[in-house]
Amino acid sequence: MARQLTKSVLIIGLLTSLSFAHAAPEAAASWAKLSTKQKEALSPIEKEWDKLNIHQQQTLLGIAGKYDQLPKAQQERLHNRLKQWITLTPAERKKAREQYQKYKALPPAQQKTITLKHKEVIASGSAKKVETHKGQLASQP
Amino acid sequence: MNTSEEKTIQLVTKALDQQTSSIPSDVQSRLQVARQAALKAYRPKESRTLFWRLGHALQLGDHPVAYSASVCLITAALALGWWFSTAEMEDHIDLDTQLLTDELPPHAYLDERFASWLDSSQNPS
């Protein structure tokens with residue numbers, strides 16, 4: 001009885017480990033092992049690559065796989081944002097994904113309104129920064 | 001089997017050992033027949049595997065397909081788990097690609113003001 005039970009447990013264990021071994025992300029890939037296309041897509045984060053966890057690397061490699069199909073403007077956006085994206089915590093990335101999905105679920109007109117509001121805020125923030133900087137320069141002897 | 005039962009068995013065995021000679025021959029032969037019948041009826045407890053138990057739990061009982069059905073069920077559950085985790089990864093890749101290449105930068109979605117605009121758009125008063 002004990003032997004058969006052990007046998008059953010071993011079979012289940014083997015099946016489970018096989019399944020998870022396949023489902024789990026492969027071992028972390030070093031930058032040197034990436035293909036030329038992957039390196040091109042992920043070039044802004046070359047220095048940070050080896051410090052990323054396996055799950056992050058797998059997701060980013062998936063994104064890199066779509067890089068070629070993106071229009072030039074979107075490729076540039078991706079390059080400009082990758083560095084900032086990987087510095088976010090998993091909770092921040094999760095929140096960003098959730099908010100993005102909510103935003104995309106809105107009708108296009110409402111999306112546009114929000115986009116404009118955000119741009120206005122950014123523009124006024126930049127203007128304030130410039131004024132503060134000018135003020136600091138003027139106060140200098 | 002509890003302690004009192006064991007004690008009773010020991011007493012009966014002892015008494016039988018000591019007094020078989022005093023038992024009449026017809027009683028002895030009836031006892032022998034009863035013993036043979038008891039031995040014939042005795043079957044060691046069947047060892048049951050985990051798969052059998054799973055099959056039994058599925059009301060398959062001793063059916064010959066119980067073992068195979070259980071193995072199939074476990075394999076299917078594992079395959080489903082694998083499929084879900086792969087699908088989740090694919091969803092993340094698609095979503096992250098869209099998010100990172102859309103008009104607004106990722107930090108916009110973390111802005112509290114953005115959340116309030118989103119709420120007011122979703123629930124216009």
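**Exercise 1.** How much area do chain B and chain A bury between them, and what percentage of it is on carbon and sulfur atoms?

*Solution.* The model is a predicted one.
Step 1. Take the residues that touch: 40 residues of chain B are in contact with 45 residues of chain A.
Step 2. Read the area: about 4,500 Å² is buried between chain B and chain A.
Step 3. Read the share: carbon and sulfur atoms carry 68% of this area.

**Exercise 2.** Find how many salt bridges and polar contacts link chain B and chain A, then state which helices of chain B take part in the interface.

*Solution.* 
Step 1. Count the salt bridges: there are 5 between chain B and chain A.
Step 2. Count the polar contacts: 14 residue pairs across the interface of chain B and chain A qualify, with both residues at pLDDT 80 or more.
Step 3. List the helices: α3 (50-57), α4 (66-101) and α5 (112-122) of chain B each give at least two residues to the side that touches chain A.
Step 4. Sort the side of chain B that touches chain A by class: 21 residues are nonpolar, 11 are polar and 8 are charged.

**Exercise 3.** Check that K95(A) and E112(B) form a salt bridge, and locate the two residues.

*Solution.* 
Step 1. Recall the general idea: side chains of opposite charge can pair when their charged atoms come close.
Step 2. Compare with the cut-off: the nitrogen must lie within 4 Å of the carboxyl oxygen. The closest N and O atoms of K95(A) and E112(B) are 3.3 Å apart, and the pair forms a salt bridge.
Step 3. Locate the pair: K95(A) is in helix α5 (residues 90-105) of chain A, E112(B) is in helix α5 of chain B, and the pair crosses between chains.
Step 4. Take another pair: K66(A) and D94(B) also meet in a salt bridge, at 2.8 Å from N to O.

**Exercise 4.** Describe how helices α3(A) and α4(A) pack.

*Solution.* 
Step 1. Take the geometry: α3 (residues 54-67) and α4 (residues 72-87) of chain A pack at an angle of about 175°, and their axes are 12 Å apart.
Step 2. Classify the angle: α3(A) is therefore roughly antiparallel to α4(A), since angles over 145 degrees count as such.
Step 3. Name the residues: Q56(A), L60(A), I63(A) and Y67(A) of α3(A) meet Q75(A), L78(A), H79(A), L82(A) and I86(A) of α4(A).
Step 4. Sort this contact by class: 6 residues are nonpolar, 3 are polar and none is charged.

How values were computed. Residues are numbered from 1 along each chain as its sequence is written. Chains are lettered from A and ligands numbered from 1 in the order in which they are written. This is a predicted model: local features need pLDDT of at least 70, side-chain atom pairs count only at pLDDT 80 or more; totals for chains, interfaces and linings use all residues. Side-chain values use heavy atoms; hydrogens and water are left out. Contact means heavy atoms within 4.5 Å. Buried area is the accessible area (1.4 Å probe) that two parts lose on being put together, summed over both. A salt bridge is a side-chain nitrogen of Lys or Arg within 4 Å of a carboxyl oxygen of Asp or Glu. A polar contact is a pair of N or O atoms within 3.5 Å; within protein, one must be able to donate a hydrogen and the other to accept it, and residues adjacent in sequence count only if both atoms are side-chain atoms. Helices (H or I, at least four residues) and strands (E, at least two) are DSSP runs, numbered from the N terminus. Ala, Val, Leu, Ile, Met, Phe, Trp, Tyr, Cys and Pro count as nonpolar, Asp, Glu, Lys and Arg as charged, and the others, Gly among them, as polar. Axes are lines fitted to C-alpha atoms, for helices over the stretch in contact, and angles run from 0 to 180 degrees between N-to-C directions. Angles under 35 degrees count as roughly parallel, over 145 as roughly antiparallel, 65 to 115 as roughly perpendicular and the rest as oblique.
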